[in-house]
Structures are given as C-alpha cells and as structure tokens.
Amino acid sequence: MSVTKVHARQIFDSRGNPTVEVDLYTERGRFRAAVPSGASTGIHEAVELRDGDKANYVGKGVLKAVANVNDILGPELIKSGLKVTQQKDIDDFLIKLDGTPNKGKLGANAILGVSIAVVEAGAAEKGVPVYQHLAELAGVKPPYVLPCPAFNVINGGSHAGNKLAFQEFMLLPTGASTFTEAMKIGTETYHTLKKVISAKYGIDAVNVGDEGGFAPNVSGADEALELLSEAIKKAGYEDQIKIALDVASSEFYKDGKYDLDFKNPNSDPQKYISGTELAELYLSYCSKYPIVSIEDPFDQDDWEAWAHFTKRSSVQIVGDDLTVTNPLRIRTAIEKKACNGLLLKINQIGTISESIQAAQLSQSDGWGVMVSHRSGETENTIIADLVVALGTGQIKTGAPARSERVAKYNALLRIEEETVGSGATYAGGKGLARGLEAPALLKK
C-alpha cells in the first residue's frame, strides 16, 4: 500500500526546543513519528536542520525542516508510488532526494521523521507489531531478546551544573531474569540513590536533569562511583547491578589533552592529562568498581588513545561521538581496532535502514550495540521496537523518571508481555562485549 498523504509540523521536545513531527497516511490510517535531538553532538553527525533565526525559538526553530517534508519529501514519496513495506527503497529514495553525504540539504531531522513514520505504516500494512516488522527488515529471526536497560542516574559533563567532567553514570541490572525484574531493580535503586544523595548533599541535589538523573555537587568521578555503590548496596542488589560510564570526553578535550576541570573557566592547563594518563584512570576505576562499559572515553578524533585503551581493557568500549552511527566511521573504527561497541542513535544517521546497517556492520566485527535515546526526546518509542528487533540486548534511555524516558521502558514492558511464551529472553549482560571477546548474544 502506498502513501496517500504526508504532513509535518513543529512540536516540542523534552527540553522545550522545537522538533519535527510527521503524520503519514495510507488507506490503513495515520502513522505518527517524532524526532529526537542531542545536546553533546559529535561533529561528524548527520545535519539537524535548524532555522537559525535568533528572533524565534532562540534560533532553534525547525520550520525549514518541516517545509522540506511538506513541500519535497512528502509529495515526492507519494508520486514515487513506493509501498510502505519497502523501507530500504524508501530510505534510499529520501537520501537521494537530499543528495548530500550528511543530509545537510533537507535535514536529517526531516528525513528521519518520514523514515520512522514509514516503519509504523509498514508494520500496520503487514498486521504485525513494529518490532516484528523491523526484525524482518533486518533479517533477524525470533526468539526475541529483551534488552538490559542502562539507567543514567548521575549526571555530569555538559548535562549538569556540577564539577563532574564525566557525563553519565549508569546502572545496568544484568542480574535480573526478566526485563520486568530489571525495571524493579532499576527503580528501587534509583529511589535509594535519591535518599542517599538527599541525605549527603541536601534536597536540592535531587532535582533531575534532562535525562532524569541527579546532578549532586560531587567533586569528581570517585565520589559519584562511591554514591552509586552505596545506593546499590543499600537497595540490596550488589550482585545484580553493574555500572557503565558515558564520559563524553570530546567535551573536555583541549589542545591534545583532557581537562577534567573543564567547567572551571580558570582551569589550570598544567593539570590537563594525556590520553594515556586518562586510560590509566579508567583502568583504576574498572579494578575498583563493577564497571562493564565505557562510552566515548576519548575525543572523537583521538584514534590513537582509543586503540591503545581498547587493546588493554577487558570491558565494552563504546563509540558514540567517535562513530556517530555512520557506517564509514564504523569501518574506520573496525580497521583501527578503536572500540568494541556501538552507540546506535537513529538521528545521528537519519534513516531506519542506515541504523540497521550500522548495527549489523558493528556486529560483524563482534561489537556490542547499545541502542540509545537523545537528551532532547519525545514520547516516540521506536527505539524500544528497534532494540528488540535487532536483538542487541542493550538500551540506554535515561533514568526511570520523566515520561519521555519512561515511555520507552513502558513500551518494552508491553513487548515483554506480548512475547511471553514465544521463547523470548532477557539479555542480562549477554549483549555486552568484553575486551576482545564478542557479546555472548552474538555467539548464538
């Protein structure tokens, strides 16, 4: 069945910034998609088209992207007569209409809105759930795997006003036996952490950040890791929870070195550290705390530091700003043996087909794949379907707080319920790469 009408509009994301929503119609009805937006964005990401008109929405309007859907992408897609089940053909068609390598002409936010809406319409056309449709597009056979959630519970970096350089400290309930139990463990530990922080730093330290995590005024990573350890212990889940970090170190890379005091305008250049010294710091944390995954440990172009650390570490090293869900960057990372994990963000590349391709390319080299939200989110839940479809066993979509985050977790609870009795399993830690060892899920 072909597309009969496409209409885009400007809506707002969870940070109060404009974003793109697309309604796509077929004879079966209306299918709606909304596009997320990142704060710490890699320089190599596909282009998020903003209006740049400082007099309106602080320059962040997306009316150009909306017009590109309404005036170009929508009408051309209708004219093409392509069926909504032909996801790859449609995504290729949209990419061709844009004609640039980074979707800079029409905007990745315009293209992705249409791409997601087509997925929804395609699933309805086949009369199957979205995760099943996506799995069939990716050539992934059941039984389905429910992912281990990575809950971002302590915030630093560009996401927070404290001194903490590292951006995210996450809890992973790898010891749960179902996704439902993982949510129980995650939420109980989150509430325990809230009490621990409140008692130590006062009630205003438990205001939540963009992704639902807390931003207490800790002095550094050691203090944040101690807080997490205390909360895990008090909640009674010491054996069932592992820790992951998202360092987002491109944010504090200066002149070939790393400034862990980057939020201080008068930070001392004498105290900047090299990539090798930073690697030693990570290794010391890994020996002291149950850390299983470190994302963006180095700058997005500091390939040498990445390769050095990946060779020496026994945890999952995830590329985000490094790889930006882009098959070309992923190939380079594979050649340089720079990391063993991909952070999959659909808006970094701009279509669902390319997102699937990026995941599969990474998996072909034995990497783990963590499907991810952005800091500016909407109530759209396509990433919940995508992570189940790809069977990668890992998702990060914030703390178990704020509806735009919890919407994804709730969608996964529903999928788990739907797939009961079909042989579906919970990934636990099996989706994680460990140094040179591929994820257990890939060895099936």
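User: How many aromatic pairs does the count come to?
Analyst: The count comes to 16 aromatic pairs. Rings of Phe, Tyr and Trp (its six-membered ring) pair if their centres lie within 6.5 Å; planes under 30 degrees apart count as stacked, over 60 as edge-to-face and the rest as tilted. The model is predicted, so local features need pLDDT of at least 70 and side-chain atom pairs count only at pLDDT 80 or more, while totals for chains, interfaces and linings use all residues. Residues are numbered from 1 along each chain as its sequence is written, and side-chain values use heavy atoms, with hydrogens and water left out.

User: Why is the pair of Phe252 and Tyr258 edge-to-face?
Analyst: The ring centres of Phe252 and Tyr258 are 6.2 Å apart and the planes stand at 75 degrees, so this pair is edge-to-face.

User: And what about the rings of Tyr253 and Tyr258?
Analyst: That pair is tilted, because the centres of Tyr253 and Tyr258 are 4.8 Å apart and their planes are at 45 degrees.

User: Buried or exposed: what are Phe252 and Tyr258?
Analyst: Phe252 and Tyr258 are both buried. Buried means under 20% relative accessible area, exposed over 50%, and partly exposed in between (1.4 Å probe, protein chains only). Tyr258 has 0% relative accessibility, whereas Tyr253, at 27%, counts as partly exposed.

User: Which residues form the aromatic cluster?
Analyst: One aromatic cluster is formed by Phe166, Phe169, Phe252, Tyr253, Tyr258, Phe262, Tyr282, Tyr285, Phe298, Trp306 and Phe309.

User: Changing topic, where does the charged end of Lys5 sit?
Analyst: The charged end of Lys5 sits over the ring of Tyr25, 4.8 Å from the ring centre. The rule asks for NZ of Lys or CZ of Arg within 6 Å of the ring centre and within 35 degrees of the ring normal.

User: Now the backbone. Which residues does a cis peptide bond join?
Analyst: Pro142 and Pro143 are joined by a cis peptide bond, with omega about 5 degrees. Pro143 is in the loop between helix 4 (130–138) and strand 4 (145–146). Helices (H or I, at least four residues) and strands (E, at least two) are DSSP runs, numbered from the N terminus.

User: What is the phi of Val58?
Analyst: Val58 has a positive phi of about 50 degrees, although it is not a glycine. Most residues other than glycine have a negative phi. Val58 lies in the loop between strand 3 (29–34) and helix 1 (63–80), and at 68% relative accessibility Val58 counts as exposed.

User: And Val324, buried or exposed?
Analyst: Val324 counts as buried, at 0% relative accessibility. Its phi is positive too, about 40 degrees.
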